[in-house]
Amino acid sequence: MRLSDLMKATNNFSKDHIIGSERTGAMYRAVFGDGISLMVKRLQDTRHSEKEFASEMATLGNVKHRNLVPLLGFCVAKKERLLVYKHMPNGTLFDRLHLVNEGDKPLEWPLRLKIGIAAAKGFAWLHHNCNPRIIHRNISSKCILLDTDFEPKISDFGLARLMNPVDTHLSTFVNGEFGDLGYVAPEYARTLVATPKGDVYSFGVVLLELVTGQRPTFVAKAPESFKGNLVEWITELSNNSMLPDAVDKNLSEKDCGGEVFKFLKVACNCVVAAPKERPTMFEVYQLLRAIGERYNFTTDDEIMIPSDLGNADQIELIVAR
C-alpha cells in the first residue's frame with residue numbers, strides 16, 4: 001500500500017488517530033475516502049531490508065485464524081515499515097478492562113470468560129497448529145483486540161522477528177523484544193531465550209487482569225506499602241490463603257458460581273516461577289474451555305490435539321522459513 005494514502009488516512013500519523021502504543025510501535029486508526037476504517041501499525045526500529053521485510057509479510061499474510069487480526073497489507077518507504085490490519089471497533093482488551101475511555105462499563109463475567117477462552121485458542125493455534133509455528137513474545141492485553149461482537153483478535157503475531165536487532169541477545173532483551181513491563185517471564189532476564197512457556201506466563205498475566213481488573217504493574221487494591229506487580233500481589237495473597245480477595249469487585253459470585261475461582265487457579269498455574277511447571281498453551285485452552293462449557297462459546301474450528309505436547313519447549317522461536 002502507498003505511504004501517501006496511509007498518511008492521508010491517519011492525518012499524517014496524528015496523535016489523535018493513535019489507538020494504542022506498544023514497544024513494537026504505535027497503532028493508528030486510518031479512515032479512507034470511501035469511509036472504510038483500517039488499522040495501521042507503524043513499526044519502530046526495524047532492521048530488515050525492503051526485500052527481507054516483503055518476504056516476512058508474505059509469510060505473515062498467510063497466517064490466518066478466527067482469533068488473529070487479519071493482516072491486509074503493508075508499506076515499505078525509506079525507513080518506514082507499516083502494517084495494515086482490519087479495524088477492530090472495540091479497541092484493546094487493556095482499555096476495556098481498565099476503563100481507559102470515558103463511558104466504558106466493566107465487562108461482565110461471561111464476556112471475560114469468552115474472551116479468555118477464545119484468546120487462549122488463538123495462542124494455542126500459533127504454538128501448536130500454525131505452520132510455521134509462532135511464539136508471540138509480546139503477549140499483553142494491549143495486543144488482544146476486540147471486534148464488534150467482542151470476539152478477541154490477536155495482533156503483533158510474528159513481529160518479534162521483524163523487531164529483532166541484529167547485534168546481541170542482550171540488546172534484544174534490553175530493547176524490549178520480550179514484551180511490556182509486568183508481562184515478562186522471570187526467566188527471560190537470566191536466559192535471554194524466548195520459549196512457549198514464556199508466552200504462557202505472559203498470557204497468565206492477561207488472565208489475572210481479566211479476573212482481578214487490576215493492571216499488570218500497579219495494583220490499586222493492594223495496601224500502600226505494597227510496591228510489587230500483579231503477579232507478586234497474587235502470590236502474596238495465595239501464600240496467605242487470601243486468594244478470593246483478588247477477584248474484581250464488579251464480578252458477582254452469585255452470577256458465576258465457582259467459575260471465577262477455577263479461572264483464577266488456571267491463571268495462577270500459568271505464572272508460576274518455574275517454566276516446566278506451567279501448562280502448555282493447548283492445556284490452558286482446554287482448561288478454560290472446560291470452565292466455560294455451559295456457555296457454548298466454542299465453535300466448529302477447534303484446534304487439533306498437538307503432537308508435540310511432550311516437547312513443547314522445542315517449538316521454533318518464530319516464523320521459520
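Val205 has 0% relative accessibility, so this residue counts as buried. It's a handy place to start in this predicted model, where buried residues make up 54% of the chain's 321 residues. From there we can look at the helix that carries Val205, then at the chain overall.

**Around Val205**
- Val205 sits in helix α8.
- Skip the neighbours within four places in sequence, and Val205 is still in contact with Gly182, Tyr183, Pro216, Leu230, Val231 and Val271.

**Helix α8 against helix α4**
- Two packed helices are described by the angle between their axes and the distance between the axes.
- Here the pair is α4 (residues 109–129) and α8 (residues 196–212), with axes that come within 10 Å and cross at roughly 170°.
- That angle is over 145 degrees, so α4 runs roughly antiparallel to α8.
- On the α4 side, the contact is made by Trp109, Arg112, Gly116, Ala119, Ala120, Phe123 and His127.
- On the α8 side, Pro196, Asp199, Phe203, Leu207, Leu210 and Val211 make the contact.
- Sort the residues of this contact by type and you get 9 nonpolar, 2 polar and 2 charged.

**The chain overall**
- The secondary structure comes to 12 helices and 7 strands.
- Take the contacts between residues at least 6 apart in sequence: 65% of them join residues at least 24 apart.
- The chain exposes about 15,200 Å², and carbon and sulfur atoms supply 51% of that area.

Key: Residues are numbered from 1 along each chain as its sequence is written. This is a predicted model: local features need pLDDT of at least 70, side-chain atom pairs count only at pLDDT 80 or more; totals for chains, interfaces and linings use all residues. Side-chain values use heavy atoms; hydrogens and water are left out. Helices (H or I, at least four residues) and strands (E, at least two) are DSSP runs, numbered from the N terminus. Buried means under 20% relative accessible area, exposed over 50%, partly exposed in between (1.4 Å probe, protein chains only). Contact means heavy atoms within 4.5 Å. Accessible areas come from the Shrake-Rupley method with a 1.4 Å probe; for residues, only the protein chains shown count as cover. Axes are lines fitted to C-alpha atoms, for helices over the stretch in contact, and angles run from 0 to 180 degrees between N-to-C directions. Angles under 35 degrees count as roughly parallel, over 145 as roughly antiparallel, 65 to 115 as roughly perpendicular and the rest as oblique. Ala, Val, Leu, Ile, Met, Phe, Trp, Tyr, Cys and Pro count as nonpolar, Asp, Glu, Lys and Arg as charged, and the others, Gly among them, as polar.
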